[in-house]
Amino acid sequence: MEILGIDIGGTGIKGAPVNPNTGRLKKERLRLLTPHPATPAKVAKIVQKMAQHFAWQGAIGIGFPGVVQNGKVLTAANLDKAWIGKHAESLFREATGCAVTVINDADAAGLAEMRFGAGRGHSGKVLLLTLGTGIGSALFVNGKLVSNTEFGHVQIRGKAAERRASDQVRVRKKLSWKKWAMRVQEYLDHMSLLLSPDLIILGGGAVKDYKKFSKYLKLPAEIKPAESGNLAGIVGAALAVQAASRNRRPPS
Ligand code: BGC
């Protein structure tokens with residue numbers, strides 16, 4: 001069974017049909033621009049366009065850049081505030097006519113990396129951080145996801161970490177790779193103190209330039225780039241559909 005995976009980001013909305021058993025995309029990914037303002041109605045229109053592009057009638061998994069609990073959005077730091085309190089699953093179901101599962105975008109990327117990428121086979125504590133428009137986080141303890149951790153919002157020098165060390169800040173402030181890496185290092189030191197992770201996986205938009213900044217990072221934990229790069233969000237959103245249907249199954 002294929003699942004349409006969609007990753008809603010602050011700048012782009014990306015999607016493709018995914019084979020959840022292999023983590024492979026079955027068709028070329030489509031990227032559409034995130035509307036501004038990114039209100040629920042406008043984003044739902046883009047998701048509808050995405051489903052129409054792939055003539056989709058099956059299940060859809062969506063990664064959303066905020067806290068999502070039981071299909072409802074609780075925070076939306078980088079999208080329109082009208083999202084807060086919206087039941088995203090119902091909204092997207094109405095827009096597409098398909099069954100929809102919505103999960104935090106970094107949690108989705110984490111699911112993909114743990115199953116097919118840099119976290120495969122890793123037990124202990126694995127922390128995935130996505131460095132993009134914001135900073136997303138996914139924490140796995142012995143392979144189990146602790147959802148909605150929102151570590152991009154821990155305070156560093158009196159500011160949310162993502163306001164200092166996201167890839168967007170690097171671009172906006174025209175920071176050199178070294179200068180930015182020092183901010184990332186400070187943040188990772190802080191996270192290491194809090195969690196003592198065994199492995200840190202770095203993903204998000206910045207991962208395509210991993211070599212340019214990873215040489216400046218030094219940590220007690222092992223540190224790796226996300227293997228599926230920017231596609232982890234799409235693949236993981238599809239995996240979230242599988243996970244949700246497993247959780248709904250009555251105990252035998
Ligand atoms: C949001 C997170 C999200 C991250 C990456 C943050 O601003 O609060 O929920 O995972 O951005 O998109």
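**Aromatic rings, cores and a ligand**

Let me start in helix α7. Y210 and F213 are three residues apart there, so about one helical turn separates them. Helices here are DSSP runs of H or I with at least four residues, strands are runs of E with at least two, and both are numbered from the N terminus.

A word on the model. It is predicted, so local features need pLDDT of at least 70 and side-chain atom pairs pLDDT 80 or more, while totals for chains, interfaces and linings use all residues. Residues are numbered from 1 along each chain as its sequence is written, and side-chain values use heavy atoms, without hydrogens and water.

Now the rings. A pair of aromatic rings is described by the distance of the centres and the angle of the planes. Rings of Phe, Tyr and Trp (its six-membered ring) pair if their centres lie within 6.5 Å; planes under 30 degrees apart are stacked, over 60 edge-to-face, and the rest tilted.

How many aromatic pairs does the structure hold? Six. Take W180 and F213. Their ring centres are 5.0 Å apart and their planes stand at 75°, so this pair is edge-to-face. W180 is in helix α6 (residues 177-195) and F213 in helix α7 (residues 210-214), so the pair ties together parts 33 residues apart in sequence.

Are these two buried or exposed? W180 has 0% relative accessibility, so it counts as buried. F213 is buried as well, with a relative accessible area of 1%. Buried means under 20% relative accessible area, exposed over 50%, and partly exposed in between (1.4 Å probe, protein chains only).

Back to Y210. It pairs edge-to-face with F213: 5.6 Å centre to centre, 75° between the planes. Y210 and F213 are both buried. W177, W180, Y210 and F213 make up one aromatic cluster.

The charged end of R170 sits over the ring of W180, 5.8 Å from its centre. To sit over a ring, NZ of Lys or CZ of Arg must be within 6 Å of the ring centre and within 35 degrees of the ring normal.

Next, the cores. A nonpolar core is a set of buried Ala, Val, Leu, Ile, Met, Phe, Trp, Tyr and Cys residues joined through side-chain atoms within 4.5 Å. The largest has 30 residues, and I6, I8, I60, I62, F64, W83 and F92 have the most contacts inside it. Elements giving two or more residues to this core include β1 (3-8), β5 (60-64) and α2 (88-96). Which element gives the most? It is α1, with six residues. Another core lies apart from it, with 27 residues, among them A165, A181, Y187 and A221.

Now the ligand. Residues around the ligand include P65, G66, N78, D105, E150 and H153; near means a heavy atom within 4 Å. For E150, it is 2.4 Å. 

Last, two single residues. R164 is in helix α4 (residues 162-165). At 15% relative accessible area, R164 is buried. H36 sits in the loop between β4 and α1. At 64% relative accessibility, H36 counts as exposed. Beyond its neighbours within four places in sequence, H36 is in contact (heavy atoms within 4.5 Å) with G10 and K42. H36 and A59 are 23 residues apart in sequence, and 27 Å apart in space, C-alpha to C-alpha.

Methods:
A polar contact is a pair of N or O atoms within 3.5 Å; within protein, one must be able to donate a hydrogen and the other to accept it, and residues adjacent in sequence count only if both atoms are side-chain atoms.
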